[in-house]
Amino acid sequence: MASADLGAPAFCKFDVEAWMPGLGHYGEISSASSCTNYQSRKLGIRFSASESLSTNPKKGKSNAPTHFVPTLNATACVVPRMIICLLENYQQEDGSVIILEPLRPFTGGVKLITQKSR
């Protein structure tokens, strides 16, 4: 993505795209933007490195300097677009859909989705 197209908080953005045969081109299915500390400055989110590394169980104010937290904005995945990609790329002529090996643990080991007979 061109830097001129980024929103104000984004320093850089990464898109994940998948081939969509019906559209004839790749389509975005997820994206992530590094917002550096833009959002944490607006929200006042800070951390102190010495506190996070300390083994002292006492709670309270520290004299250690604080820093603004770097933030990310990201979409996990755009589910409808993921389904479109899977169906368009792996649906067979009989209407069944092959489940990719890396996805099979999430489908209980199912290798092929078929229509139930009525």
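In the predicted model, Pro21 touches Glu88 and Asn89 when residues up to four places away in sequence are not counted.

The chain as a whole contains 3 helices and 7 strands, which follow one another along the sequence in the pattern β-β-α-β-α-β-β-α-β-β. Of the 118 residues in the chain, 15% are buried. Among the contacts that join residues at least 6 apart in sequence, 40% link residues that are at least 24 apart.

Three of the strands can be described together. An open sheet is formed by 3 strands in the order β1-β2-β5, with antiparallel pairing. Strands β1 and β5 stand at the edges of this sheet, and because each has a single partner strand, one side of each is left without a neighbour in the sheet. On average, neighbouring strands of the sheet are turned by 25° against each other, with direction ignored. In general, the strands of a sheet pair through backbone hydrogen bonds, in either a parallel or an antiparallel manner.

The pairing of strand β1 (residues 12-20) with strand β2 (residues 25-34) is antiparallel and comprises 9 bridges, and within this pairing Cys12 stands opposite Ser34 of β2. The two strands form a hairpin with 4 residues between them, and Gly24, which lies in the turn, has a positive phi of about 80°. Ser34 has Leu72 as its bridge partner in β5, while the bridge partner of Ser33 in β5 is Asn73.

Ser33, a residue of strand β2, has a relative accessible area of 12% and is therefore buried, since the limit for this class is under 20%. Apart from residues up to four places away in sequence, Ser33 touches Ala10, Cys12, Lys13, Thr71, Leu72 and Asn73; one of these, Asn73, is also its bridge partner in β5.

Beyond the end of β2, Thr36 is placed in the loop between β2 and α1 (38-43). The phi of Thr36 is near 40°, a positive value in a residue other than glycine. Most residues other than glycine have a negative phi. With a relative accessibility of 35%, Thr36 counts as partly exposed.

Helix α3 is placed across β1 and β2, and runs at about 35° to β1. The helix, which spans residues 79-90, also takes part in the lining of the largest pocket, as does β6 (97-98), and each of these two elements supplies at least two lining residues. The greatest contribution comes from α3, which gives 5 residues to the lining. The space in this largest pocket amounts to about 220 Å³. Its lining consists of Cys77, Val79, Met82, Ile83, Leu86, Leu87, Val97, Ile98, Ile99, Leu100, Leu103 and Thr107. When the lining residues are sorted by class, 11 are nonpolar and 1 is polar, and no charged residues are present.

Definitions and conventions. Residues are numbered from 1 along each chain as its sequence is written. This is a predicted model: local features need pLDDT of at least 70, side-chain atom pairs count only at pLDDT 80 or more; totals for chains, interfaces and linings use all residues. Side-chain values use heavy atoms; hydrogens and water are left out. Two strands pair if DSSP finds at least two bridges between them. Buried means under 20% relative accessible area, exposed over 50%, partly exposed in between (1.4 Å probe, protein chains only). Contact means heavy atoms within 4.5 Å. On a 1 Å grid over the protein atoms alone, a cavity is a set of points where a 1.4 Å probe fits but cannot get out, and a pocket is an open set with protein on both sides within 12 Å along at least five of seven lines; lining residues have an atom within 4 Å of a point. Grid points are joined across faces, edges and corners, and a volume is the space filled by probe spheres set on the points. Ala, Val, Leu, Ile, Met, Phe, Trp, Tyr, Cys and Pro count as nonpolar, Asp, Glu, Lys and Arg as charged, and the others, Gly among them, as polar. Axes are lines fitted to C-alpha atoms, for helices over the stretch in contact, and angles run from 0 to 180 degrees between N-to-C directions.
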